[in-house]
Amino acid sequence: MPFLRATNASCAAASIRARNVLFATGIAFAISTGGAAGQSSSTSDLAKQGQSLATATDCTACHTAPNGGQNFAGGYGISSPLGTIYSTNITPSKTFGIGNYSETDFARAIREGIRKDGTHLYPAMPYTSYAGLSDPDVAALYAYFMQGVPPVDVAPPKTSLPFPFNMRFSMAAWNALFLDNHRFQPDSSRSAQLNRGAYLVENLAHCDTCHTPRNFMMAEKQGRALSGGAVGSWYAPNITSDPVSGIGGWSQDELVQYLHTGNVPGKAQAAGPMAEAVEDSLQYLSNDDLQAIAAYLKASAPIRTAEAKPRNAYGIALAADSTLNNAAGDMSNGAQLYSGNCASCHQATGAGTKDGAYPQLFQNTATGAAQPTNLIAAILFGINRTVGANTAFMPAFGQGFSPVSTLSDQDVADVSNYVLQHFGNPNLTVTAQDVATVRQGGPPSALAKLGNLALPGLIALGAVLLLLILWGIFRPRHRPLPG
Amino acid sequence: MSDQLSADIVVIGSGICGLLTAQRLATQGASILVLEAGPRRERGDIVNSYRNGAYKGSWMNPYPPTAWAPHPRFQPHDNGYLVQTGPAPYPAEYIRMVGGTTWHWAAQAWRVLPNDMQIKTLYGVGRDWPINYDELEPFYYEAEVKIGVSGAPNTGSPRNKPFPMEPVAEVWAMRRFRERLAVGGYDVVSNTTARNSRPYDNRPACCGNNNCQPICPIAAQFDGGVAVEMAEAAGVKIMANCVVYQIEHDAQGRIAAVHYYDPDKNSYRVTGKTFILAANGIESPKLLLLSASDKYPNGLANSSGTVGRNLMDHPSNSLTFDVDEDFWLGRGPQSPTSINTFRDGAFRSEHAAFRLDFTNINQSRPVAEDLIKAGVYGPELQTRLRYGAARQVNVKNVLEVLPNPENRVTLSSQKDALGIPKPQVYYSFDDYTNKGMDASRLEYTHIAQLMGGTNLRYSPERAYANNQHITGTMSMGNDPGDSVVDKFGRTHDHENLFIVSTGVMPTAATCNSTLTALALAMRTAQHMHETT
Amino acid sequence: MGRNGAVIHVSSSPSTNSSPESREPDVPVSGAYDLARRSLLLGLAAAGVVLTAPQAFADTTPSRDAFLAVSKLLTGFTSLDPGLAARLYDALNTNDPKFTAGVTALATLISQQNIDPLSLQATLDGTHSDLAALPRQIVTAWYMGVVGTGDAARCIAFETDLTNIVVSDKLTPPSFCFGAYGSWTSQPV
């Protein structure tokens, strides 16, 4: 396979909650690039290639703390269903970072999730995807982190998950089951573009980390690749080629535009972790790479999920006269909340602004999905997506400090239902409990519920693991290439 | 008494000054209770009230007064709350509501000029402030960061650090004013405003709702609603519908408690160690006068007899005319641009200084009203409406009046629904003001000429609009004989009573008063933190 | 802040030198009056029955037709939103029970005397003072979205009132977003 150019990926997959950063991490990265450029005399070509790859793999998304964290010094708290997992310091600090790692140590960490001291990483680090990275790519990344990144002698907070998940050795069993430690192998029957797309989607960009549903052991479900999964408060939708459930109805150009800008007017806007992925990483990918991702997704195995219609196929503009701003006090709570908090930008008709800066709500993937998750999350947490010179900003209505207006769970449910009924999927009904669930970071995993049972839980877990290992030994090992 | 009726610090009034003072002190560890006479409402509800209101030209349209905490309202008719007794009206449109009057400001957040603070020394008029500009500068900056201010780099107010934000993108029409008036020597600059030119502090950038007054629907400008959220996030407790009617002192003259009515006139007593009066330049002196006792027969904090006196504002006259190109005012924020070169000069010994403001308020509604009034119907109505909406512009002044003890707030013999005396104002204009107004009119005429103006409509002579910049009524000063508070905002007469308000400004200066009041409030809070 | 630059002096004689450079194609300019006239006559034909009907049946569809016909003449719009028309008509009627009879009489008068909308107010002020208040009520309802005066004034429409519609190619109704940050820097074209 040819040596990778500006490749990319998004660790935002693992960043389960939206980050509240004024400055895009992409900008922070640009600054670090400047710093690295200052050392260019001592930075090898290999390290420069590694820098492009690191932009691609978007290590900074998780390994740089928001709001002014030092580049790659870790400390970003990733709230998983099992508890908060803090990212590590991956600067070449010899005390707190990876300064003492050999290239072999480095490769083992990113491909197998095992630190130099033998401790297992949690799979918040997408090593199951990185396992497929080619040797030259790993070598380039290593060169960059050793030569191009300034060491930061700071220790990030320690991750301490509740018992039994604090027993990291259990990850060995998990890896035995779920880690396919093989390099990406191009499929000679497919085009170079599709192979490139496969490498990006499954490995470098690790789209699967979010978009493939997880089993109750938090591993990606076999045979359900890219068919959609919960990501904390958000939902990473089905991106298989299915024309109803997935992106089969999108044109190649639309997919590329979405990946490049996070915005396809009249169709979809990126929010939450996807907005971060675009902001931090995807916007910097080459057009060839974006085209490869789009081509690969369009050629992926279609998987039909719960959608009755494509996510962007619901709703029409409200007739002007039906907006009835001025009805004599008989507006529902949802209608009043919509008028007072949403209509200024999205307009009473739901059509957004003429210039498209504020999107229409009908025929929009956020309102027409089979789950209301992303609609609720957008209202609660807002949107702050900077791509190039453009910032798309929607204020948060649900957090502790919501300067525009703070809405209760019931208010968010009411306005969500108004939006769904008038502009989106009218078959959905949102309850205050649904909102509370999204507000607290999504439903806890079955594994976490099991873990809450503590000792009995551990015993049960052990039994389950044993059964799974036995099953795992006999299951087919290879994962067929979709499409 | 329940626990909640006591706090380290009790604040009366939940406007921008009271809330951000509370927020600062809460961040430093104090327990704080804010008592607000009016109700609490959400932004979306106010937006809906604006759209559903019949009097959209009135900035009070979405803020109907309550029975228990009435405030002045003048459309469709004067509700009689602010009793007028002078030759000139003082129709201040303030809001008694959680968040206060900045719910409907236009976010102009100016610093005074250094000379504004010593006009007695420099020009022989008015009075000097007890502090100078340099003492206030760091607190100006603190306030600017807190509320997110941007503006033109040089309008005569020195600064040690750049604005927190770039100025808001220039409105096309204002660019044309700038370009065409430059020929006549006018320097047209971006206003200094608490309006976001980028996402700031979780609030969005302006998107041109053109509704800064009476309500920004998206909080792109700082307002009372944002102050509420900030204060509560810092742990401040705000209680609505608590109409404070008496401040109680002990034998030593320290403040011991305040008493409030709920809307049903049940009375409650709230104790605290320190008290901050922040109920605006009219309601605060009203409360001090109401709290008269045997020991203080003229009211609290009033040994000087100056409480309520020296009432000031920035009166305005204006010129409306049709410009000779299509401007279509109403694209972008309402108050983007002004001329600041008449704010200082030797002339200040003779006549008032002023700022000139260009409106960017959508003109279609006032134009349509005028056409309907004139009986213009049919296709001609549409044609002229479009013409007026495209061409009609307005320039007005914001003019400094001098402190005059006769202009004052007192207690009326009329009572409100809870039986509390209404505030009463006596107000008049002097020649110093009138001469400044005449000087402004000369500039308007010149400006209209440069803009190819036709259909010139001057505001009536000697009748000036009120800008609700209520200043002077609780003036700060070093001499307890002619001022209410000291240079840190502490009342001369009561060691544990502080006042944060535009009312403590000794002179009105040459710009909108909110940022200066806020900077003074931050300075007061710093002093309280250090000394109490 | 004072509103809109303090006191605005109302000119009693607005400029007649009014010719905006660009217009919405669907806003009538020349010939619109004739169209409106035809529309009025058609409306009156439909309303004709009411002119001879007993008073008790005054508040029927024909009087609504008369209202719509007069509205078109006064507003200069050849087509008006029927839903909004119904709401305004009902509100005007509630505000003043004599409105129905008045608007029917006004329609008849305009039709019989062939009165141009620009001379209508002067004609009514001079010779039909009983009907003189009606045109302003009707036009205020359509253009300002407001029915009634003083404390009884009510807002019936806002973003769909004709003032906002007439300028909608250039401006958004206040409180509704204009567009992206900075979109107001360009020349309005």
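Modeller: Chain C has 7 helices and 2 strands, where helices (H or I, at least four residues) and strands (E, at least two) are DSSP runs numbered from the N terminus. This is a predicted model, in which local features need pLDDT of at least 70 and side-chain atom pairs count only at pLDDT 80 or more, while totals for chains, interfaces and linings use all residues. Residues are numbered from 1 along each chain as its sequence is written, and chains are lettered from A and ligands numbered from 1 in the order in which they are written.

Biologist: In what order do the elements of chain C run from the N terminus on?

Modeller: The order is α-α-α-α-α-α-β-β-α.

Biologist: And what percentage of chain C is buried?

Modeller: Of the 189 residues in chain C, 48% are buried. A residue is buried if 20 or more other C-beta atoms lie within 10 Å of its own, exposed if 12 or fewer, and partly exposed in between, with C-beta atoms placed from the backbone.

Biologist: How many residues of chain C are in contact with chain B?

Modeller: 64 residues of chain C are in contact with 76 residues of chain B. Two residues are in contact if their C-beta atoms, placed from the backbone, lie within 7 Å.

Biologist: Which element gives the largest share of the chain C side?

Modeller: α6(C), with 6 residues. Elements giving two or more residues to that side include α1 (32-52), α2 (61-75) and α6 (134-144) of chain C. By class, the chain C side has 37 nonpolar, 20 polar and 7 charged residues. Here Ala, Val, Leu, Ile, Met, Phe, Trp, Tyr, Cys and Pro count as nonpolar, Asp, Glu, Lys and Arg as charged, and the others, Gly among them, as polar.

Biologist: How many residues of chain A are in contact with chain C?

Modeller: 13 residues of chain A, against 15 residues of chain C. The chain A side has 5 nonpolar, 5 polar and 3 charged residues.

Biologist: Switching to chain B. Is strand β9 buried or exposed?

Modeller: Buried: 5 of the 5 residues of β9 (residues 318-322) of chain B are buried, so the strand is largely enclosed by the rest of the structure. On one side lie S318(B), T320(B) and D322(B), on the other L319(B) and F321(B), and both faces are covered.

Biologist: Which strands does β9(B) pair with?

Modeller: β9(B) runs antiparallel to β12 (residues 392-399) of chain B, joined by 5 bridges. With β15 (residues 454-458) of chain B, β9(B) pairs in the antiparallel sense over 3 bridges. Two strands pair if DSSP finds at least two bridges between them.

Biologist: Which residues stand opposite S318(B) and L319(B)?

Modeller: S318(B) faces K396(B) in β12(B), and L319(B) is opposite Y458(B) in β15(B).

Biologist: What about the open sheet of 3 strands in chain B: what is its order?

Modeller: β3-β14-β13 (chain B), with mixed pairing. β3 (83-84) and β13 (408-415) of chain B are at the edges with a single partner strand each, so one side of each has no neighbour in the sheet. β13(B) and β14 (residues 421-426) of chain B run antiparallel and are joined by 5 bridges.

Biologist: Which helix packs on that sheet?

Modeller: α7 (residues 283-290) of chain B, touching β13 and β14 of chain B. The direction of α7 makes about 65° with that of β13(B); axes are lines fitted to C-alpha atoms, for helices over the stretch in contact, and angles run from 0 to 180 degrees between N-to-C directions.
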